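Here's a quick tour for anyone meeting this structure for the first time. Have a look at it first, then read on.

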Amino acid sequence: MALNLSLAVPAHAQQQPASAPAGEVFALKLPAASAAAATEANGTVQFIGTATVLIRYQGFTILTDPNFLHKGDHVHLGYGLTAERLTNPAIELDKLPPIDFVVLSHMHEDHFDKLVQEKLPKDTPIVTTKEAAASLGKLGFNRAIGLGKWDQVEVEKGESRMRLTAVPGRHGKAGMQALLPSVMGSMLDFGPTKGAPTYRMYISGDTLVYDDLKAIPQRFPGIDLALLHLGGTRILGVFKVTMDGKDGVELLQIIRPQHAIPIHYNDYDVFKSPLADFAREVKAAGLDQQVSYLAHGETYTFSPRKR
Ligand SMILES: [Zn+2]
């Protein structure tokens, strides 16, 4: 397959206890940012819609699961299944600031749509699953980095450093894997490669809650912020393939982040669990103070955690 990994050279084996299998480590070098951007104290997460967010911190600008279709547009989810978009993106694709790289949880059109396939510059680095990286290569994207579980990418931009680790995620129940793409959750550790990160952000990806997720807080304690893909997506009206409100709270209780933001909750007609389901469960669990609700276009500002 025509997959160019020129910027994704395996660096070195990760230091892990013997019980935790080490992932492969890739390197991504980006052109330096302006000094002002790199030294800004606070970071932001702007919610664009679906699972698309713009993360800006320490000079990095990261775009997740780019979906820029509009209300009334349809996406194909494989096997003749389609879904209709019910919302508009808060920002148009051609109005985005320059992007350092994209984090793509999996290859579904509500996460990487036809417009993005056509218009996103083909040399945009995209960090994703091995399966999605292969598909992106066929679409002409020449800087996709495909990760297996626990693989990492160390990103360097001038003086700024961050590291992304692919963590477990599974779209649907075990028996449904043949119908669904592989999914990765992402752990974004900002700050020096060695030692504690200045900010640790977890993105769930389209996953259900299952046992493997329990390994995430064991390997990555002290998560500052979690972005949760909710929606209780049902395919064929029956099979649940993303977390509903109750699952979202269950995941919070497993991951135990300082703070959480729900995303991927009302953008398609196949999303069957409204945000109110999650809000109700959050309240019942006494987690109100730990959750921020963003409407499309709204921004959450964070400061590095005092450790
Ligand atoms: Zn989705």
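## Overall make-up

This predicted model has six helices and 18 strands, taken as DSSP runs numbered from the N terminus (H or I of at least four residues for helices, E of at least two for strands). The radius of gyration, taken over C-alpha atoms, is 18 Å, close to the 19 Å that the globule rule gives for 307 residues, so the protein is as compact as a globular protein of that length. That rule is 2.2 Å times the number of residues to the power 0.38. Buried residues make up 46% of the 307; buried here means that 20 or more other C-beta atoms, placed from the backbone, lie within 10 Å of a residue's own.

Residues are numbered from 1 along each chain as its sequence is written. As this is a predicted model, local features need pLDDT of at least 70 and side-chain atom pairs count only at pLDDT 80 or more, while totals for chains, interfaces and linings use all residues.

pLDDT, the predictor's confidence in each residue from 0 to 100, averages 91 for the protein, and 92% of the residues score at least 70. Over residues 1-18, though, pLDDT stays under 50. Where pLDDT is low, the predicted coordinates should not be read in detail.

Seven strands line up as β9-β8-β7-β4-β3-β2-β18 in an open sheet with mixed pairing; strands pair if DSSP finds at least two bridges between them. β9 (144-147) and β18 (299-302) stand at the edges with a single partner strand each, so one side of each has no neighbour in the sheet.

At the β18 end, β2 (residues 43-49) runs antiparallel to β18, joined by four bridges.

## Another sheet, and a helix on it

Another open sheet of seven strands, also of mixed pairing, goes β1-β10-β11-β12-β13-β14-β17. Its edge strands are β1 (25-30) and β17, each pairing on one side only. β14 and β17 are parallel, with five bridges, and histidine 229 stands opposite isoleucine 263 in β17. Helix α5 packs on this sheet, touching β13, β14 and β17; touching means contact, with C-beta atoms placed from the backbone within 7 Å.

Which residues of α5 (residues 245-255) are buried? They are Gly245, Asp247, Gly248, Val249, Leu251, Leu252 and Ile255. Their cover includes α4 (215-219) and α6 (275-284). Just after α5, arginine 256 takes a positive phi of about 50°.

Notes:
Contact = placed C-beta atoms within 7 Å. Buried ≥ 20, exposed ≤ 12 C-beta atoms within 10 Å, placed from the backbone. Axes fitted to C-alpha atoms, helices over the stretch in contact; angles between N-to-C directions.
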